[in-house]
Amino acid sequence: MSNKDETNRGGTPRNETRQNGTQWDETPTTRLRKELPAEVPGVAPRDEAAGEASEPGLTGRQRLVKGLWPPRVTRAQLIVAVLLFGLGFGLAVQVASNSDSGNALRGARQEDLVRILDELDDRSQRLEDEKQGLEKQRQELENSSDQAEEARKQTVEREKQLGILAGTVAAQGPGITMTIEDTKGTVEADMLLDAIQELRAAGAEAIQINGVRVVAGTYLTESGKSVSVDGNKINAPYRFKVIGKPQDLEPALNIPGGVVQTLEKEQATVTVERSTKIVVDALRAAEQPDYARSSSQ
């Protein structure tokens, strides 16, 4: 073996001549490196926190603001925000409506508030008197020796009372007369209906408006520039004849924010007069029910 072959076994890189006469251009190690792709140095991930900390001249507050702004809002957060906004808006509207309903009493004078409390006490007393009257009738029926005769008397008396409520019989008694002058034509049917409801709540037992008897099923509608009561057209001035306790009826109409104040805001003139005798003589025809029958039959 020649010195040339020994040198090659040792792996010493050097130029040598092939057997066919050509010379080796490069060593085997260099040839393998050229066949592989060049290595690309990896880029280390940027640490935002470290980068922010390394920025010169930023205080802790400035770094906090930079981290919070601009905000990163997700879809779920946006939906929750919209729902919370809707809930808050609903609560605000409810609170505002409740505040508006109490403005009339909040700005009322002390004597007006005392009058309202007296009216509430009177209503409670009327209900208590009615309860005691019914209990008295029950006791009379239970204790009477001739229960059939006592029952007949109470039935006749009850029939008269129901006739007054139904408008089939005339009635008279103490009460008030309320006259509404509407020269501007601004009084509407719902305002008159509010007056009827307020009078009923104050204990009115019989009501008549311009010759039309008001009963439980009475309805009011607009009829051009006038009002219709149960289909009967009436014109201003509207005259209410009401039977009841005058000391309860008149204050109920004059409470702050009540019927009189509302009508005066519409430029109508309202006068209320007490009387010891009011005659309600407008009658309604007795109506027979089409389907209802007495359960005793």
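The questions and answers below concern a predicted model and set its values against the definitions used.

Q: What makes the contact between R284 and D230 a salt bridge?
A: The side chains of R284 and D230 meet at 2.5 Å, N to O. A salt bridge requires a side-chain nitrogen of Lys or Arg within 4 Å of a carboxyl oxygen of Asp or Glu, so the pair of R284 and D230 qualifies. The structure holds 2 salt bridges.

Q: Where in the chain do R284 and D230 sit?
A: R284 is in the segment after β8 (269-280), and D230 is in the loop between β5 and β6 (232-234). The pair links distant parts of the chain, 54 residues apart.

Q: Why is D230 called buried, and what is R284 called?
A: D230 has a relative accessible area of 14%. Buried means under 20%, so D230 is buried. R284 has a relative accessible area of 24%. That value lies between the limits of 20% and 50%, so R284 is partly exposed.

Q: How do you know that R274 and E250 form a salt bridge?
A: Their side chains meet at 2.4 Å, N to O. The cut-off is 4 Å, so the pair of R274 and E250 counts. At 48% relative accessibility, R274 is partly exposed, because exposed begins over 50%.

Q: Why is T218 called buried?
A: T218, in the loop between β3 and β4, has a relative accessibility of 14%. The limit for buried is under 20%, so T218 counts as buried.

Q: What makes the pair T218 and D230 a polar contact?
A: The side chains of T218 and D230 are joined at 3.2 Å. Leaving aside neighbours within four places in sequence, T218 is in contact with R213, V229, D230 and R284.

Q: Why are β4 and β5 called paired strands?
A: β4 and β5 are joined over 4 bridges in the antiparallel sense. Pairing needs at least two bridges, so β4 and β5 pair. S223 stands opposite S226 in β5.

Q: What makes β4 and β6 edge strands?
A: β4 (220-223) and β6 each pair on one side only. They belong to an open sheet of 3 strands in the order β4-β5-β6, with antiparallel pairing. The twist in this sheet averages 35° from one strand to the next. α9 lies across β4 and β5, running at about 155° to β4.

Q: Which residues have the most contacts inside the largest nonpolar core?
A: They are I180, L199, I207 and F240, in a core of 31 residues. The elements that each supply at least two residues of this core include β1 (171-181), α9 (189-201), β7 (238-243) and α10 (246-253). The largest share, 6 residues, comes from α9. A second, separate core of 5 residues includes A171, I243, I278 and V280.

Q: Which residues is I207 in contact with, leaving aside its neighbours within four places in sequence?
A: Among them are I196, L199, V212, V214, F240, V242 and V280. The contacts of I207 also include R200, R213 and K241.

How values were computed. Residues are numbered from 1 along each chain as its sequence is written. This is a predicted model: local features need pLDDT of at least 70, side-chain atom pairs count only at pLDDT 80 or more; totals for chains, interfaces and linings use all residues. Side-chain values use heavy atoms; hydrogens and water are left out. A nonpolar core is a set of buried Ala, Val, Leu, Ile, Met, Phe, Trp, Tyr and Cys residues joined through side-chain atoms within 4.5 Å. Buried means under 20% relative accessible area, exposed over 50%, partly exposed in between (1.4 Å probe, protein chains only). Contact means heavy atoms within 4.5 Å. Axes are lines fitted to C-alpha atoms, for helices over the stretch in contact, and angles run from 0 to 180 degrees between N-to-C directions. A polar contact is a pair of N or O atoms within 3.5 Å; within protein, one must be able to donate a hydrogen and the other to accept it, and residues adjacent in sequence count only if both atoms are side-chain atoms.
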